[in-house]
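Here is a short briefing on selected local features of one protein model. Please have the sequence and the 3D view open as you read.

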Amino acid sequence: MKVLFSWLKEYIEGEIELKRVAESLTMAGLEVGAIEDFQGDAVVDLEITPNRADCLSLIGIAREIKAILGLKLKKPSFKIQKELKETNFKISIANSELCYRYAGRIVKGVKVSSSPEWLKKRLEASGIRSINNVVDVTNYVLLEYGHPLHAFDLDLIEGAQIRVGTPRDFGMTEVEITTLDGVKRKLDCHDLLIWDAVKPVAIAGIMGGANTEVNDKTVNVLLESAYFKPERIRKTSKKLGLSTEASYRFERGTDIEALKEALDRAAFLIQQFAGGEIYEAIDVYPKKIPYKNIAFNTEKICKFIGVNLSEEEILRILELLEIQLEKKDNFYIAKIPSHRQDISIEEDIAEEVARIYGYDRIPAELPQAFKYVEENYELTKKRKFLDLIRNYMISLGFSEAVNFSFMSADDLDLFEIPQNDRRRKFICLLNPLRQEESVMRTMLFPGLLKNTEKNTARGIENLKLFEIGRVFIAQQSASLPEEPVHLAVITKKEDFKSPFKDDPYDFYALKGLIDGVFRYFKINNVQYIRSKETFLHPGQSADIFVKDEKIGFIGVLSPRVLSKLDFKTKPYICITELDLDKLFSFVKTEVKYKPFSTYPPVKRDVALILPADFESQKIFELIKSFDSELIEDAFIFDVYQGKGIPEGHKSIAFRIIYRAFDRTLTAEEVDELHTKLVEKIIAHTGAILRDG
C-alpha cells in the first residue's frame with residue numbers, strides 16, 4: 001500500500017520523522033518496501049501481510065505508529081450539521097449470512113465536477129486515478145478508513161429501494177450485469193449482488209454497475225457502506241478475475257463497526273466539495289457481531305516471548321493497541337477491538353506485546369528442552385522406505401512431480417470409476433478456488449496426466465514422471481478420512497512405432513521397474529492378474545496383488561480415455577499406482593539366508609496352445625501348487641500368435657528349472673516329474689501341447 005507521508009502525519013499528534021517511522025514499522029511487521037519521491041513529497045510503499053487488513057488505511061497505519069512510538073492518534077474531525085429525514089427509500093438484506101451490515105446515506109442536489117488538486121494528488125500518489133469529486137471522495141475515505149464505499153446515481157435506482165442478496169434469493173439461477181469497466185459479466189446463484197427493485201446494480205464488494213454510475217448529469221447520490229462475508233467476496237473476485245481496491249479489502253475483512261463513521265465522513269466531504277443536502281443514514285444491522293474476549297496470563301506472555309516484562313509494561317502496550325482489559329483473579333480478559341480481526345488466541349496477545357516491545361530487543365537464545373523426544377522407530381522406518389523408493393525412481397531417470405492434494409469430481413467420470421468404488425468416497429472442499437480442484441484427491445495419476453498434458457503442449461515428447469503423496473478416502477463412521485500414501489508413475493512416448501505387430505515394451509519396462517521395488521524389499525508372492533480398471537487397455541494391464549491383497553494396478557492408458565484428453569497426437573502412455581502403506585506392511589524386517597545348491601540344474605521347456613484371453617498367471621499357480629521340492633524356478637520366455645496357431649488362441653512357452661540340494665538329478669527322474677507337471681497343467685487348463 002502506498003501512502004503520502006505528509007498525509008499520514010495528519011493523523012498523528014506530534015512530530016514524526018520519516019526514517020524513524022520506516023524503521024519502526026518494518027521492525028514491527030509492516031515492512032517498508034520503498035520510499036519514493038512524488039512531486040516533492042515522500043511516498044511510503046508498505047508491504048501489508050494478509051492478516052493485517054486493519055493496516056490497509058492511513059488511520060490503521062497511524063494507529064500502528066501511535067502504539068510503537070507511544071504517541072496519540074488524531075482521527076479526522078467532522079460533523080454533519082443538518083440531516084433531513086428520508087421516509088420513502090428502503091434498504092433490506094435478503095441474505096444475512098453473506099451481508100452482515102448495510103448502511104446508506106442519500107445526498108441530494110450535488111454538483112458533479114472535478115476534485116480539488118490536493119485531493120487528486122493524494123489519490124494519484126496512492127495509485128488511484130481521479131474521476132470526479134463524488135467518486136474521488138469514496139476513494140479518499142477508502143484510503144483514510146480502509147473501508148470501501150460506493151456511490152450510486154439515486155435517480156437510476158428503480159423502486160426507491162436497495163436489496164442485498166444472491167440471484168437464488170430472488171428466484172434466479174444466474175444474472176448478467178455490465179460493470180463500471182464496461183464489461184458484461186455473468187454471475188451465478190451463489191454470487192452476492194446489490195439490487196434495486198428490478199435489477200442488479202453492483203457486484204457486492206467488488207465493482208458497481210454501469211447502469212447506476214455517477215456521471216456529470218448526476219444530481220442525487222446514494223452512498224453505500226457495508227460489510228460482506230470475506231470468503232464470498234474472494235471467491236467471486238477470483239472467479240471473475242476481477243480484483244479492485246474494494247475487493248482487496250473486503251476479502252481480508254474490514255471493520256464492521258467503523259463502516260458508519262466512514263459513511264458519515266464521505267457524506268460530509270461530498271457536501272463540502274459538491275454541495276447538496278444530506279439525509280439521515282439508513283443502517284440495517286440484523287445481528288450485531290460480539291467483540292472477541294481472550295483470557296491471558298502475564299507470566300505466560302513473558303514465557304512466550306522469552307523476556308521478563310513487568311505486568312505494567314504489558315498492560316501499557318495492550319492499551320496502546322486499544323485493547324480493553326478486565327482484571328480477574330490471576331488473569332486478564334482482553335476485549336479485542338473490531339478492527340483487529342487477526343487476534344483470536346492468547347498467543348496472538350503475546351505476539352502483539354513482542355511486536356510493540358521490539359523484536360530486536362528480545363535476546364536470541366536456544367529454547368530449553370524439558371524432555372527429550374523419543375524416536376518413533378516405526379515412523380523412521382517408513383520414512384526411510386519412502387526415501388529409498390524416491391531415490392530408486394530418480395536413479396532410473398524419472399522426475400518427481402509435486403501436485404496439490406485436490407482433484408475434480410469430474411475426473412472420476414472421465415476415468416469411468418464405478419459408483420461403488422472406494423475412490424468415489426471423496427471429501428468436498430467447502431470453499432474451493434476453482435471447480436477443477438473442488439475435492440480432495442482419491443488417486444494420484446489424474447494429476448500426473450495433467451502434468452503430462454502440460455509438458456506435451458510445451459513440446460516434451462518423451463516423459464517419465466512419478467509422485468509420492470497422500471490420497472484421502474472418506475470414512476462413513478469417522479470424522480477424519482483415511483490418508484494412505486501412494487506411488488504413481490507415468491511414462492509417455494510420442495509416435496510409438498515398433499517393427500513388431502504388437503510391442504508392449506513400455507508396459508513390461510514399467511512392470512520391470514515395479515518388480516525391482518519388490519525385489520529390493522524382499523517382497524514375495526506377487527501376482528499380476530488381468531485388470532478390471534476400465535481406464536486401462538484390456539490387453540496390456542494388470543492388477544497387482546501381494547499375498548492375495550490388491551495393492552495397485554499397472555497398464556497402458558485406454559485409447560478410449562486417451563481420446564478424451566487434450567493430446568493432439570495419440571501418445572503411448574503407461575501408468576501404475578501403488579498403495580505404499582499396504583506395500584510397507586509386506587516389507588520383511590528380518591532377512592534369512594539359506595545355502596544354495598551346488599548341484600547342476602536341469603532345464604525343461606514346454607509350449608502350450610491356450611485361448612487368447614487366458615491369463616498366464618494361472619500356469620504359475622499350478623506350478624507352485626505342484627507337490628515337489630525339486631522345482632526351483634519357472635518363467636515364460638515366449639508368447640506367440642500367428643501362423644500355425646489356431647485363430648483366437650496363443651502359444652505360451654515357459655521354462656522350468658529343476659534342481660536338488662543333495663544330488664545330481666538324472667534325466668529319467670526329471671522327465672518323469674516334468675511329464676506329470678505338464679499333464680496337470682493340461683488337465684486344469686484344457687491346453688494343447690504344441691509340437692515343434
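The model is predicted.

**Helix pair α4 and α5**

- Helix α4 covers residues 117–125, and helix α5 covers residues 133–145.
- Their axes come within 10 Å and cross at roughly 55°.
- α4 and α5 are therefore oblique to each other.
- The crossing of α4 and α5 is left-handed.
- On the α4 side, Trp118, Leu119, Arg122 and Leu123 make the contact.
- On the α5 side, the contact residues are Asp136, Asn139, Tyr140 and Leu143.
- By class, this contact has five nonpolar, one polar and two charged residues.

**Helix pair α18 and α19**

- Helix α18 spans residues 617–625, and helix α19 spans residues 667–685.
- The two axes come within 10 Å, with a crossing angle of roughly 135°.
- That angle makes α18 oblique to α19.
- The crossing of α18 with α19 is right-handed.
- α18 contributes Ile619, Leu622, Ile623 and Ser625 to the contact.
- α19 contributes Leu677, Lys680, Ile681, His684 and Thr685.
- Sorted by class, the contact of α18 with α19 has five nonpolar, three polar and one charged residues.

**Gln527 in strand β27**

- Gln527 sits in strand β27, residues 526–530.
- Is Gln527 buried or exposed? Gln527 is buried, because its relative accessible area is 16% and the cut-off for buried is under 20%.
- The side chains of Gln527 and Glu621 are joined by a polar contact of 3.3 Å.
- Leaving aside neighbours within four places in sequence, Gln527 is in contact with Asp543, Ile544, Phe545, Asp548, Gln617 and Glu621.

- Most residues other than glycine have a negative phi.
- Gln39 is not a glycine, yet has a positive phi of about 50°.
- Where is Gln39 placed? Gln39 lies in the loop between β3 (31–38) and β4 (41–47).
- Gln39 has a relative accessible area of 53%, so it is exposed.
- Lys547, also a residue other than glycine, has a positive phi near 50°.
- Lys547 is in the loop between β28 (536–546) and β29 (549–557).
- Lys547 counts as exposed because its relative accessibility is 53%, and exposed means over 50%.

How values were computed. Residues numbered from 1 in each chain as written. Predicted model: local features only at pLDDT ≥ 70, side-chain atom pairs only at ≥ 80, totals over all residues. Heavy atoms only, no water. Axes fitted to C-alpha atoms, helices over the stretch in contact; angles between N-to-C directions. Helix = DSSP H or I, 4+ residues; strand = E, 2+ residues; numbered from the N terminus. Parallel < 35°, antiparallel > 145°, perpendicular 65-115°, else oblique. Left-handed = near helix turned anticlockwise from the far one by under 90°. Contact = heavy atoms within 4.5 Å. Nonpolar A, V, L, I, M, F, W, Y, C, P; charged D, E, K, R; others polar. Buried < 20%, exposed > 50% of the residue type's maximum accessible area, 1.4 Å probe, protein only. Polar contact = N/O pair within 3.5 Å; in protein donor to acceptor, adjacent residues only side chain to side chain.
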